[in-house]
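Hi there,

Here is the structure I promised to pass along. Have a look at it first, and then read on for what turned up.

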Amino acid sequence: MKNNEGKAGVVIVLLVLLIIIAAAPWYFIISRNLDPDFVAIPPSAHPERPRDQELQNGEDEDEDEIITTPEPPPPTPEPPRTDTIIDIGEEDPELFRELAAIASEHSAVAVSLTMFDADTAEFITFNYGLADVEERRNVDNDTKFRVASLAKITTVICAMTLVDQGLIDLDTDISVYLGYEVINTNFPGTAISTRMLMQHTSSIFDSGAFDASRRRNSSESIRYLLERGGSFRRSEPGTHFEYTNFGYAVLGAICENVSGKTLDTLARDVLFKPLGIDASYIPSKMDDTENIAVLYNDSHAIIRSVESQLEIEESDVLGHDLHLAQGNLTISTIDYARILVMLGNGGILRDVRILSEQSVQEIHEADIEGVGYKQGLGVRLSTGDFIRNESFFWHTGNAYGLYSQYVQSAAAGMSRGIVVAVTGAVPDHETSGLVTICTDLSRLVWEHFDALSKVNDQTGSDDYDDEQYGDEDEEDTDE
């Protein structure tokens, strides 16, 4: 009996031990989950041990382990191309003195020149004289000039953005875009097109009525002059070249009617703001109005003060403004150079596309016989000794004592060019039509470009790596 009781006690003890052993893990699990200070760390939070460390700890490498190669990181995008601005006065004092001597020889009050290279985003600048004699304000890279007829190219660019949008067809009758009939009654069967306006072959000319009406700037001037018929030549539209400011006023009217914006607003939206340029057809709308150049004639008398330039207003009726599109652009030479770089890059600057490549090509298809040059859409094409006997695109501006000029090599994709603005200089022109002082300055800088270029300077900056004068009533004549 005692043996049976002893055996039963042993069995009970063993059962209790088994129960304790079996319950212990569950007690641990339950107790840690009830502990508010216990924080479980998921396996993913543990840093991976280096594989060689695992092996050093005596762990065998699993022969069946699947080793995956991580995806390579995406390539680092190239930094955007930035401007390299090279000041001739700092880089080459001797060249600066030679350029200043040319400016002085031509009696200039102020000169601003920018040479550019579209391939390297280099801008070589020369500034001379005073933007405002009375205030003793020096010319610098940010000085803005009313560049006269150089405005015609920016007006063409604005129009071509509308072409790219399908809002304008270059060969459609302009009556469609103006909303009233425009016809040369001498040739009633020939429509006038936007292309003809740009090429100066529309038969619209700068009549006396246009000159008088421009000074009044009546809100109905453009339509009144076109409908009365007194501003048409007796030549069939599209057949005869005659340089005309009025034709570009009509082009500006078309831009306004089609876009539903004033020309200045359109230009700022499609050209100036996207390129980071502070420029305007209405100077008072610029961000910086403190650095506008006073316009002096060759006697150094003020023809346009800063105040008078800031008083210019827009017409309150779209499609009727007579004084903006052909010559009222106010801009610095370096910013104008940036626009030309955009054209030289096929319509793009700093990865911002302004025009399609097709539109850029259309602008520069110069096949109209001008006065000693071929005329394109707002641009001229010549071949001569200006750029080593190469062909080059160009235009001039001439009004209120200011001369302006740009030249852009037609070779190598229009990669290089020069923009110049001058006030107070002697009114001389080359036989080609280029302005003498602008050409003399440009030729000299062109000869030194390679020496000034930072690309060819091993110790230079790498920032490029991817940046007719007249009286009060005269207007842009571009003889």
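Helices here are DSSP runs of H or I of at least four residues, numbered from the N terminus. One of them is H9, which spans residues 221-228. Just after H9, Gly229 takes a positive phi of about 85 degrees. Please keep in mind that this is a predicted model.

Staying with H9, its buried residues are Ser221, Ile222, Leu225 and Leu226. They lie on the same side of the helix, because they cover an arc of only 120 degrees around its axis.

Leu226 also matters for the next topic, the nonpolar cores. The largest core has 84 residues, and the members that touch the most others are Leu226, Phe246 and Val250. If you click on Val250, you will find Ile174, Leu178, Leu197, Ile204, Ile222 and Leu226 in contact with it, leaving aside residues up to four places away in sequence. Two of the names in that list, Ile222 and Leu226, are among the buried residues of H9. There is also a second, separate core, made of 28 residues, including Ala100, Leu113, Ile418 and Trp446. As general background, nonpolar side chains in soluble globular proteins tend to be buried together.

- Strand E13 (residues 380-383) runs antiparallel to E14, and 4 bridges join them. Here Arg380 has Trp394 of E14 as its bridge partner.
- Strand E15 (residues 402-409) is also antiparallel to E14, with 8 bridges between them. Here Phe392 is partnered by Ser409 of E15.

E14 and E15 form a hairpin with 2 residues between the strands, and in that hairpin Tyr400 takes a positive phi near 55 degrees.

Lastly, the cysteines, in case you were wondering: how many disulfides does the structure hold? The number is 0. Cys255 is in no disulfide, and the nearest cysteine sulfur to it belongs to Cys158, 6.1 Å away. Cys255 is buried, at a relative accessible area of 0%. Cys438 is buried as well, and its relative accessible area is 0%.

Best wishes

Methods. Residues are numbered from 1 along each chain as its sequence is written. This is a predicted model: local features need pLDDT of at least 70, side-chain atom pairs count only at pLDDT 80 or more; totals for chains, interfaces and linings use all residues. Side-chain values use heavy atoms; hydrogens and water are left out. A nonpolar core is a set of buried Ala, Val, Leu, Ile, Met, Phe, Trp, Tyr and Cys residues joined through side-chain atoms within 4.5 Å. Buried means under 20% relative accessible area, exposed over 50%, partly exposed in between (1.4 Å probe, protein chains only). Contact means heavy atoms within 4.5 Å. Two strands pair if DSSP finds at least two bridges between them. The arc is that of the directions from the helix axis to the C-beta atoms. A disulfide is a pair of cysteine sulfur atoms within 2.5 Å.
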